[in-house]
Amino acid sequence: MTSATSRKILVVGPSWVGDMVMAQSLFKALKQRGACDIDVLAPGWSLPILDRMPEVRRGVVMPLGHGEFDLAKRRQLGKSLAGEGYDQAIVLPGSLKSAFVPFFAGIPQRTGFRGEMRYILLNDLRKLDKVALPMTVQRFTALAAPAGTPLPEPLPMPRLVAQADNQPHLREKHGLPAEVPAVAFMPGAEYGPAKQWPIPHFAALARSLAEQGFQIWVLGSNKDREAGKAIAAGNPAVHNLAGLTALGDAVDLLAMSAAAVTNDSGLMHVAAALDVPLVAIYGSSSPEHTPPLSSRVSIQTLRLDCSPCFKRVCPLGHTRCLTDIAPERVLAALGELGLPCTAAGGTAQVIPLVRGA
């Protein structure tokens, strides 16, 4: 129920899964500063993520696709929100088009960093100091307070709340035995192959975990379906769920996992926000900018001279920043995170590697 003393805030959310998860730190910081009701203008796909954030009152669907301008629709949407009585809008994307809806809604305080010529659209315009705020989550959280205010210490971390009543349904639907602990694999990376750990490495890791009595859940979109098939080949312990689950279902499945192994991807941030023990593998990107925000994380990166290059495809053609991260190294990292050497228990140690023929 809305309090008469609560400020009403509209946040224009980002267009990527990981960024939307990190935006929860902003929502938490806003709540720390005083009573407020937070609505988030966001792509329709993100509503299941927002539903699992207690700080968000509701998600408002952005009817335009990523990159679509359509000024008339933005004006129409803004006018439809004018009666909501928002006190402030916070615009997280840096684009010009993202600032139109709050402007057309007549929201009195419109906050955001300088971007594409937004000097009229935003009237609380901030200069971004990328040195002082190197991380995306810091930049988001800084917008919760007036310009120049120090970041809260400690920085509030994203913490999604899984929907427990959905979990038994997912187990039954996909034939996932409750008595067998699961390790989730997220082999996809929307950005490109320079962020993807080799599929044969994932498959070798899956064989090792299966030998120790674990089941493996491959999560991702339909684009990751073939990768999941390759990981599952000849290994009945692997459940290839890529493309078979909605985003909200993936959140609830990750919350049931004993651990997760992932590329730098949106689901990496989801797993971190669920506090799942996590091995995060970085290739062309950098953990300094968008690290998984959890204390139970082992970041695997080789820091070669050529990385991070931030390219979608390796410009040198070898992708050694990923191929040279051996499955044994990831196995050791899982042990250090506390994954037992057998599914029935035991001390944390390196699980023997089972290679294919």
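Residue S25 is found in helix α1, which spans residues 17–32; helices here are DSSP runs of H or I with at least four residues, strands are runs of E with at least two, and both are numbered from the N terminus. The model is a predicted one, in which local features need pLDDT of at least 70 and side-chain atom pairs count only at pLDDT 80 or more, while totals for chains, interfaces and linings use all residues. Residues are numbered from 1 along each chain as its sequence is written, and side-chain values use heavy atoms, with hydrogens and water left out.

With a relative accessibility of 0%, S25 counts as buried. Buried means under 20% relative accessible area, exposed means over 50%, and partly exposed lies in between, using a 1.4 Å probe and protein chains only. Beyond its neighbours within four places in sequence, S25 is in contact (heavy atoms within 4.5 Å) with V137, T141, P156, M157 and P158. A further buried residue is Q138, at 16% relative accessible area, which sits in helix α5 (residues 136–142). Neighbours within four places aside, Q138 contacts A132, L133, L151 and L155.

A nonpolar core is a set of buried Ala, Val, Leu, Ile, Met, Phe, Trp, Tyr and Cys residues joined through side-chain atoms within 4.5 Å. The largest one holds 57 residues, and those with the most contacts inside it are V11, L26, F27, V40, L219, L254 and V270. The greatest contribution to this core comes from α1, with eight residues. V270, for its part, touches V17, V21, I49, L160, V251 and L254, when residues up to four places away in sequence are not counted. Another core, of 28 residues, lies apart from the largest one and includes A206, L209, F214 and V279.

Next comes a pair of helices. Helix α7 (residues 199–211) packs with helix α12 (residues 327–336) at an angle of about 45°, and their axes are 9 Å apart. This makes α7 oblique to α12, since angles under 35 degrees count as roughly parallel, over 145 as roughly antiparallel, 65 to 115 as roughly perpendicular and the rest as oblique. Axes are lines fitted to C-alpha atoms, for helices over the stretch in contact, and angles run from 0 to 180 degrees between N-to-C directions. On the α7 side, H201, A204, L205, S208 and L209 meet P327, V330, L331 and L334 of α12. The residues of this contact comprise seven nonpolar, two polar and no charged; Ala, Val, Leu, Ile, Met, Phe, Trp, Tyr, Cys and Pro count as nonpolar, Asp, Glu, Lys and Arg as charged, and the others, Gly among them, as polar.

Most residues other than glycine have a negative phi, and most peptide bonds are trans. Although not a glycine, F310 has a positive phi of about 60°, and its relative accessible area of 45% makes it partly exposed.
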